Amino acid sequence: MTSEDSATPGPADSPSGVPSDSPFRDERTARDEAPQFVLPLVVRIERAAPPARTDALQTAARAVLTILSDERSLGDGAWAQAMRDWQDARIRKVVRRARGAEWRRAEALDGITVTGESAEVRVFPPVPLDGWPKDLARLQVSGTDLTDPEEPAAPDLDAPVLWFNPALDMTAGKSMAQAGHGAQLAWWELSEVQRKEWREAGFPLSVRVAEPDRWEPLTRAGLPVVRDAGFTEIVPGSCTVVAEGGRRLGPLPGPARP
């Protein structure tokens, strides 16, 4: 699903510490005047063996982290300018689905495939909103409703956890984009040493739906919070994900308190 995030890296009720030109503000900023790019993600959904929903969300989050840290995205790398252009504007991600020959064509394009327990997600360098490669543009956005065959186990609290808002009902595609947003916010909060440690460990993380009585405290705990712009499925400004650092990386810092 198309999902432009608009999040604050801190408490849901406090914009303190958020730059005026942040890509995660609800109101229009200078970033809206810049050329707009999107990060494409494609999830493999074969009819006979669709991935589990939670694993697809976790794999999408890891795919975003993988391209953010890839050497081609850094410095003078082949994708570096596209990554900078994307992050200088609004941060948009689009999840599409593919199977069979569609998936094979997607794999032939420049990108990275990240594999989970049951899911495969391929992430590509950012493209202009109206400049998608034809083999990606023709892929369907809808049809990414996935389920978990059994209740997910308790999250590994040694690794970061992306907590989802229990009051929101989002499709798997929309949720995959939101998981990617949450992972990206967490990445931005880490030091270079922490990033290196997380990358070398293979980006372990969990995606879980928060218990209703825990969600509100999470949004006020000074942690990175994803706010959706509301272009699809949910109302503008909805808090969708809170990123909580695990014991391995330590707490994720929030903004300065007023």
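Pockets and salt bridges in the model

Visitor: How much space lies in the second largest pocket, and what makes a region a pocket?

Guide: About 380 Å³ of space lies in the second largest pocket, a volume being the space filled by probe spheres set on grid points that are joined across faces, edges and corners. On a 1 Å grid over the protein atoms alone, a pocket is an open set of points with protein on both sides within 12 Å along at least five of seven lines, and its lining residues have an atom within 4 Å of a point. By that test 17 residues line the second largest pocket, and the closest to its centre are Thr 54, Asp 55, Gln 58, Glu 117 and Arg 208. This is a predicted model, in which local features need pLDDT of at least 70 and side-chain atom pairs pLDDT 80 or more, whereas totals for chains, interfaces and linings use all residues. Residues are numbered from 1 along each chain as its sequence is written, and side-chain values use heavy atoms, with hydrogens and water left out.

Visitor: How do you know which classes of residue make up the lining of the second largest pocket?

Guide: Ala, Val, Leu, Ile, Met, Phe, Trp, Tyr, Cys and Pro count as nonpolar, Asp, Glu, Lys and Arg as charged, and the others, Gly among them, as polar. Sorted in this way, the lining holds five nonpolar, five polar and seven charged residues.

Visitor: Why is the contact between Arg 72 and Asp 70 called a salt bridge?

Guide: A salt bridge is a side-chain nitrogen of Lys or Arg within 4 Å of a carboxyl oxygen of Asp or Glu. The N to O distance between Arg 72 and Asp 70 is 2.8 Å, so the pair qualifies. The whole structure has nine salt bridges.

Visitor: What makes Asp 70 buried or exposed?

Guide: Buried means under 20% relative accessible area, exposed over 50%, and partly exposed in between, with a 1.4 Å probe and protein chains only. Asp 70, at 15%, is therefore buried, whereas Arg 72, at 30%, is partly exposed.

Visitor: How do Glu 192 and Arg 195 compare with those cut-offs?

Guide: Glu 192 has 60% relative accessibility and counts as exposed, while Arg 195, at 16%, counts as buried. Their side chains meet in a salt bridge at 3.3 Å, N to O.

Visitor: What does the salt bridge between Arg 214 and Glu 244 tie together?

Guide: The closest N and O atoms of Arg 214 and Glu 244 are 3.2 Å apart. Arg 214 lies in helix H7 (residues 212-219) and Glu 244 in strand S10 (residues 239-244), so the pair links parts that are 30 residues apart in sequence; helices (H or I, at least four residues) and strands (E, at least two) are DSSP runs, numbered from the N terminus.

Key. On a 1 Å grid over the protein atoms alone, a cavity is a set of points where a 1.4 Å probe fits but cannot get out, and a pocket is an open set with protein on both sides within 12 Å along at least five of seven lines; lining residues have an atom within 4 Å of a point.
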